[in-house]
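User: I have a structure open and would like to go through it piece by piece. Can you help me read it?

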Amino acid sequence: MKRTLSTLLLALVSTASLWAQGDQEKGYFVGSFESNSIIYAEDNVTNAQKPEGNFGTNNYLKADYYLGNFSAGLQMEAYQPALVGYPTNLAGARLTNYYLAWSDGNFGVTAGTYYDQFGSGLLFRTYEDRTLGMNTAMLGARVTYHYKDIVALKALWGAPRLGMEAAPETQVRGLDGSLSLASLLGMEGTTLSVEGSLLNRFEPVSPIVEELGGSASTMGYSARLNAGHGGFLLKAEYVDAGSKIYSNPNILIDGKSNLIKNGNAQLVEMSYSGGGLGVNVTARRLEWMDSKVSYGSSELNNSLNYIPAMCAQYSYAITNLNPYIPQPGTTSGHINSGEIGGQVDVYYNFRRGSALGGKRGMKVNFNFSTYYNLKEEGSFVPKTLLWRNVNVGVEKFLTRKFKMQLLYSMQEYNHSHGVGKGTWLSNMVVADLLYKYTPTFSTRMELAYLTTFEDQKDWMAGLFEVNFAPSWSIFASDMFNHGDTKIHYYNFGFSYTAGRTRAAFSYGRNRAGMVCSGGVCRLMPAYTGGNITISTSF
Amino acid sequence: MKKLIFAAMMLLFASSAMAQIPSVKVENGKGKVVNTSSLVDGKTPMIISFWAVTCKPCIQELDAINEVLPDWLDVADFRVVAVSTDDSRFTAQARALAEGHGWGDFTLLYDKNGDFKRAMNVQYTPQVYVVDKNGKIVYSHTGYTQGGENELFKVIKGLK
């Protein structure tokens, strides 16, 4: 299939190129290149991992061409070898993605690789996230159709990517539709739509699994409602993800190699925005929602849906020591069917000239989130606390040149992910101070402290950054665990930007822990070394 | 095979015109689906900034632009388009953040499936573009350093 698609792509691209040269309407080309390399150093203090050859490099070249209603593109990836901590199925160099697409305002057809998702991605999502080593692009075909603003339909088929190429035995077929009642009825200032999806996943299973009730072909569906009026928005989603195959940890007791479970999830999201106030309330329940590209792999990028942590997203290192990892249901080590919980997010802008806003205004934000595992299968009753977070942040220009941000965060984290009741409670404060000396010269300082009676006890952290806009930025930072290990995690480096090209170098010690992007995390071993990143787009 | 495809792409590159705003579907501030090509109105240029709730420099840059926007608009007529690259799970949070940061004067777009981002080849946020009134990309920049926003204004002023 792939060879046929490649040939087709080449033929069409060449035709398009000739056409472009002869035609008045010229096509245009965009592309990007990214290279991320680390030279690893020996470090006995942190037990740093050092691969053979002391070197790792991840490289991506992407190019797209547009001509009228046509577009075509490709992506090449090279892992020579992959950086430490990335999925082990990323190795070597390969043309990983390529597509040809045609679309006018209403119809769209894509052949080759493409990314898509149904609703919020609980049932189905294929995406790329280079920080995580995630690329699950479908290789196949997709057709989309829009009728005015009223109807949107999508049909797709293909094999999702696992590692460097499409999974050999998995086939996914899906249908997705949306009907906008507000547009149909001509309701002004209101949005109201109902949506639904169907997903069929096929992967051969062994006769033993079949005997236990497992099936090669499984069906899942999702039903959704979106409504909005004025500043209010409501989104609700119900997902039945179909039957799932899990390994049975009690095989020695009941003799069954696998457990067959039915996946389901509920999600409600309400938000209001207006008058400088933004509020967002989310509630979510997951049960057996782990969805795999292929049953045979345990890599992080073996994922066919999207289950992010729905809680505060922090950008300071000290507040991300133990990020929340969602529990969509697991049978590895212990049996836990899922989780239930939610979050409240509030942002408010005290306007300039108001009592609290003062001359330059003030921004505040607040987040509360909490998650529990389920009392029993099928239950909506929470049992053991998995995660709780409260944080308050304030941001204000004290003078024209001096901006201050303060953050307080309390996090309670169940380190056994619900097997036991034990939690680690920590309190954190961060001060982030920016001073602009001239319009192009500024310095920024971060001071942070974490206090806890558990795990490695107290931490402190500091960062100093000097910026010469628009090109240069130099930084040095340290995170010090003075409560227990007495290890300094130091880092220093610089970045240089010229237009669309950015080069950055840093050297330092990195702690073993979670690297998160978009609410999904991957485990990263400790490493020490020099990191060179180059990215450009054209 | 791969080399052939690569050669074909290079051929296209050689025969290409200046990049412009692609036509993909995104959500606007009210949750309605709009086409990105409708941003081009033939009258005013725009700054398009791709951001995310977890991207601190992105928020700093948009705040910095918001801060000086009234003064800039005294000198030149243009629009600021803030494209949230957050996926559907963080769209509600992105909306709340945009409101709480007082970005009411920006055109807010939500690129939940990353179509706009991919079509513009945005790898890192913040990535910011200056687009002329006809939809041609005349400047772009990756990353943000304090004060970097002044570059954008220089380009806008030069677009008379």
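User: In which sense do strand β1 and β2 of chain B pair, and over how many bridges?

Analyst: This is a predicted model. In it, strand β1 (residues 25-28) of chain B and β2(B) pair in the antiparallel sense, over three bridges. One example is Lys25(B), whose bridge partner in β2(B) is Asn35(B).

User: Which helix packs on the sheet and touches β3, β4 and β6 of chain B?

Analyst: That is helix α2 (residues 56-75) of chain B. The strands it touches are β3 (46-51), β4 (79-84) and β6 (127-131) of chain B, and its direction makes about 150° with that of β3(B). Helix α5 (residues 149-157) of chain B also packs on the sheet, touching β3, β6 and β7 of chain B. The direction of α5(B) makes about 15° with that of β6(B).

User: OK, and the sheet itself. In what order do the seven strands come?

Analyst: The order is β2-β1-β5-β4-β3-β6-β7 (chain B), in an open sheet with mixed pairing. At the edges are β2 (33-35) and β7 (137-142) of chain B, each of which pairs on one side only. On average, neighbouring strands of this sheet are turned by 30° against each other, direction ignored.

User: What holds strands of a sheet together, in general?

Analyst: Backbone hydrogen bonds, with the strands either parallel or antiparallel.

User: How many helices and strands does chain B have?

Analyst: Five helices and seven strands. Read from the N terminus on, the elements of chain B go α-β-β-β-α-β-α-β-α-β-β-α. Of the 160 residues in chain B, 55% are buried. Taking contacts in chain B with a separation of 6 or more, 70% are between residues 24 or more positions apart.

User: Which residues have the most contacts inside the largest nonpolar core?

Analyst: Ile47(B), Trp51(B) and Ala82(B), in a core of 92 residues. Helix α3 (residues 88-100) of chain B gives the most to this core, namely six residues. There is also a second, separate core of 13 residues, which includes Ala312(A), Tyr324(A), Tyr371(A) and Trp387(A).

User: Back to Trp51(B). What is it in contact with, leaving aside neighbours within four places in sequence?

Analyst: The contacts of Trp51(B) are Cys58(B), Ile59(B), Leu62(B), Ala82(B), Ser84(B), Thr85(B), Thr125(B) and Pro126(B).

User: Now the two chains together. How many residues of each are in contact with the other?

Analyst: On chain A 74 residues are in contact with 52 residues of chain B. Helix α1 (residues 2-22) of chain A supplies the largest share of the chain A side, eight residues. By type, the residues on that side of chain A are 26 nonpolar, 36 polar and twelve charged.

User: Let's move to chain A. How many helices and strands there?

Analyst: Chain A has four helices and 31 strands. Its radius of gyration is 25 Å, close to the 24 Å that the globule rule gives for 538 residues, so chain A is as compact as a globular protein of that length. Along the principal axes, the C-alpha atoms of chain A fill a box of roughly 70 × 60 × 55 Å.

User: And what share of chain A is buried?

Analyst: Buried residues are 42% of the 538 residues in chain A. As for contacts in chain A between residues at least 6 apart in sequence, 55% join residues at least 24 apart.

User: Is Trp459(A) buried or exposed, and why?

Analyst: Trp459(A) counts as buried because it has 25 C-beta neighbours inside 10 Å, and the cut-off for buried is 20 or more. Trp459(A) sits in strand β25 (residues 459-468) of chain A. Not counting residues up to four places away in sequence, Trp459(A) touches Ile318(A), Leu450(A), Met479(A), Phe480(A), Asn481(A) and Gly483(A).

User: How far apart are Trp459(A) and Asp484(A)?

Analyst: They are 25 residues apart in sequence and 8.9 Å apart in space, C-alpha to C-alpha.

User: Last one. What do β23(A) and β24(A) form?

Analyst: A hairpin, with two residues between the strands. β23(A) and strand β24 (residues 441-452) of chain A run antiparallel and are joined by twelve bridges. In β24(A), Glu446(A) is the bridge partner of Asp432(A). Strand β23 (residues 424-438) of chain A also pairs with strand β22 (residues 402-413) of chain A, in the antiparallel sense over twelve bridges. There, Tyr408(A) has Val429(A) of β23(A) as its bridge partner.

Technical notes
Residues are numbered from 1 along each chain as its sequence is written. Chains are lettered from A and ligands numbered from 1 in the order in which they are written. This is a predicted model: local features need pLDDT of at least 70, side-chain atom pairs count only at pLDDT 80 or more; totals for chains, interfaces and linings use all residues. A nonpolar core is a set of buried Ala, Val, Leu, Ile, Met, Phe, Trp, Tyr and Cys residues joined through C-beta atoms within 7 Å. A residue is buried if 20 or more other C-beta atoms lie within 10 Å of its own, exposed if 12 or fewer, and partly exposed in between; C-beta atoms are placed from the backbone. Two residues are in contact if their C-beta atoms, placed from the backbone, lie within 7 Å. Ala, Val, Leu, Ile, Met, Phe, Trp, Tyr, Cys and Pro count as nonpolar, Asp, Glu, Lys and Arg as charged, and the others, Gly among them, as polar. Two strands pair if DSSP finds at least two bridges between them. Axes are lines fitted to C-alpha atoms, for helices over the stretch in contact, and angles run from 0 to 180 degrees between N-to-C directions. The radius of gyration is taken over C-alpha atoms; the globule rule is 2.2 Å times the number of residues to the power 0.38.
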